[in-house]
Amino acid sequence: MFETLLDDAAQNNAFRHIHPGTKILLGLGSLVICLVSPTPVVPVLSGLILSMVLLVPARIPARIYGELLLAPVVFSVFSIVVLLFMLGGGDVVWEFSPVPWIHLTITTNAIHQSVLILSRVFGCMVSLFFIALTIPMTDLFNVMKRCRVPVELIDLMMIMYRYIFIFYDQAKEIWQAQKMRLGYQRPKESIHSFSMLCGMLFISSWIAGEDIVRAMDCRCYNGIMPSLDPMEPVRMQSFIPVVLYLSGLGGILVAITTGIVVFS
Amino acid sequence: MHIMEGFLPWQWCLVWWIIAIPFIVMGVLELRKLLKQDREYLPLLGVCGAFIFILSALKLPSVTGSCSHPTGTGLSVMCFKPYITAVIGFVVLLFQALLLAHGGLSTLGANMVSMAIGGPIVGYLVYKLLKNTSVNIFVTVFCVAAVADIITYVITSFELAVAYPAAVGGIAASFGAFFAIFAITQVPLSILEGLVLALVFKYILELKPDVIEKLGVFSKEQIDKALGTPDAAPKKV
């Protein structure tokens, strides 16, 4: 019924006290390198290395990480099946005609492309996991503030972030109460129960909004929410490995695309 | 249905980001204007945004076997108009990427175009079209939510099709294939979401009709007519 939030992992990992800029550089850097890579080698390599980094030095629980890796499987399987039959070029590997007027073929080029896309998804996903699992949202807000993101947008994000957890717990409570009173027993009834849950959640969120306006007025709210920005300093022992890793990855990418190293 | 991180080639990621950014900018400008008029707007918008995030993190009761999430964009666009919805959608999608690992950062632009911009705009047109007719407001809500959802899948299929055109038949063939495969699960789901949102609206109207009135989604007469209780005071909770 409920999705797991990754916030706990982001708050409780061993990389918590590294400067967020360093972690963003690593996450976004490897994301971009994996995205532009024309060969599957670079994203797979980057994905494997970053996974090891997340599991061993950052001490992300293996169970959470495993569940995360399995999440995009449905979408990728659906889409890759379509792509395998859609893309063409090269020799025909496999032909299939379920009915005379539908003619499905898989070609070598389609297989190459699909492998590349799958590996790119893997590499990019792991880079995203790195950002999601090691940088708490509050640190990201501070980074955004320094990057001159409009203050209204950041305030909106902060309020949303704050209330997500409150509503999450509330939704869980309502759901448990409904289950105890025999809600969600039949398909039709579960639609009713679910709508009731959402409706109540909307009303209670509206009331929470009115309360927060009153509470902020009491504290002289003038449209801007000042907040403390306790940023960790950039430390060389974390910054230099990140730069070395990214330049290594970039180097491999350049070597493969220019044909210095050939993987067959 | 989010396009996941890394699925689109980088050129297309860039294209969708470039299309999405003007909408965020317009949304932020609009937000700034509204805040000048009424500074209570931001906290209310914030909690509604959080509500929409939670809505999208709940799994709909599974009917077709696949689990899916309501998008909530229909509700948002009726309450807050398309530009503000684009901003809320941007934040919700960013949080989904960072807190739930749904979607991604490189594909955020593409997901925004389908879920926070395209779907809501068409939903809003449907809402505008039906609002002042004699159509029952629950039917209106159902249509807005279902249409916004279906348009979202149409745009997602289109985004995938232009990135990966078919060898035979080009973009059109690959669009057909992607949409056909999504339609199996997503068309029933959008009808389901329409039903759910219409019921949600009914519960809100029964218990707290002043919210809907304050946001100007429907007029008092329409609400009274739909509830069938003219001049009746809202029930006490």
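A: This is a predicted model. Start with helix H7 of chain A, residues 137-146. Its buried residues are A:Met137, A:Asp139 and A:Leu140. They cover an arc of only 150° around the axis, so they sit on the same side of H7(A). An α-helix has 3.6 residues a turn, so residues three or four places apart point the same way.

What covers those buried residues? Within chain A, the cover includes helix H1 (7-11), helix H2 (20-36) and helix H8 (151-180). Chain B takes part too, through its helix H3. After H7(A) comes A:Arg148, with a positive phi near 65°. As a rule, most residues other than glycine have a negative phi.

Two more residues share that feature. A:Leu182 has a phi near 65°, which is positive, and it is not a glycine. A:Leu182 lies in the loop between H8 and helix H9 (187-218) of chain A. Is A:Leu182 buried or exposed? A:Leu182 has 9 other C-beta atoms within 10 Å, so it is exposed; the cut-off for exposed is 12 or fewer. In chain B, B:Ala101 has a positive phi of about 60°, and it is not a glycine either. B:Ala101 is in the loop between H3 and helix H4 (108-131) of chain B. B:Ala101 counts as buried because it has 25 C-beta neighbours inside 10 Å; the cut-off for buried is 20 or more.

Now turn to H2(A), one of the helices that cover H7(A). H2(A) has 17 residues. From its first C-alpha to its last it reaches 24 Å, close to the 24 Å expected at 1.5 Å a residue. Its buried residues include A:Pro20, A:Lys23, A:Leu26, A:Ser30 and A:Cys34. The cover over the buried residues of H2(A) includes helix H3 (41-55), helix H6 (108-134), H7 and helix H10 (236-257) of chain A. H1 of chain B is also part of this cover.

A:Pro43 sits in helix H3 of chain A. It is buried, because it has 30 C-beta neighbours inside 10 Å. Leaving out residues up to four places away in sequence, A:Pro43 touches A:Cys34, A:Ser37, A:Ser119, A:Arg120, A:Phe122, A:Gly123 and A:Cys124. One of these, A:Cys34, is among the buried residues of H2(A). A:Pro43 and A:Gly259 are 216 residues apart in sequence. In space they are 17 Å apart, C-alpha to C-alpha.

Step back to the domains. The assignment for chain A gives domain 1 (1-135 + 234-264) and domain 2 (137-231). Their centres, taken over C-alpha atoms, are separated by 32 Å. Where they meet, nine residues of domain 1 of chain A are in contact with eight residues of domain 2 of chain A. H2(A) gives the most to the domain 1 side, with three residues. That side divides into six nonpolar, two polar and one charged.

What does the largest nonpolar core look like? It has 150 residues. Those with the most contacts inside it are A:Leu128, A:Phe129, A:Met160, B:Phe51 and B:Ile54. H3(B) provides the largest share of this core, 19 residues. Domain 1 and domain 2 of chain A both give residues to the core, so it lies between them. Look at A:Met160 in particular. Leaving aside neighbours within four places in sequence, A:Met160 is in contact with B:Gly46, B:Gly49, B:Ala50, B:Phe53 and B:Val91.

That leads to the contact between the chains. It takes 59 residues from chain B and 68 residues from chain A. On the chain B side, the elements that give two or more residues are helix H1 (10-37), helix H2 (41-57), helix H3 (73-100) and helix H6 (170-207) of chain B. H2(B) supplies the largest share of that side, 14 residues. The residues of that side divide into 47 nonpolar, six polar and six charged.

Helix H5 of chain B (residues 137-163) has 27 residues, which should span 39 Å at 1.5 Å a residue. Its end C-alpha atoms are 39 Å apart, which agrees. H5(B) is mostly covered, with 22 of its 27 residues buried.

Definitions and conventions. Residues are numbered from 1 along each chain as its sequence is written. Chains are lettered from A and ligands numbered from 1 in the order in which they are written. This is a predicted model: local features need pLDDT of at least 70, side-chain atom pairs count only at pLDDT 80 or more; totals for chains, interfaces and linings use all residues. Two residues are in contact if their C-beta atoms, placed from the backbone, lie within 7 Å. Helices (H or I, at least four residues) and strands (E, at least two) are DSSP runs, numbered from the N terminus. Ala, Val, Leu, Ile, Met, Phe, Trp, Tyr, Cys and Pro count as nonpolar, Asp, Glu, Lys and Arg as charged, and the others, Gly among them, as polar. The arc is that of the directions from the helix axis to the C-beta atoms. Domain bounds come from an automatic or database domain assignment. A nonpolar core is a set of buried Ala, Val, Leu, Ile, Met, Phe, Trp, Tyr and Cys residues joined through C-beta atoms within 7 Å. The expected span of a helix is 1.5 Å times one less than its number of residues.
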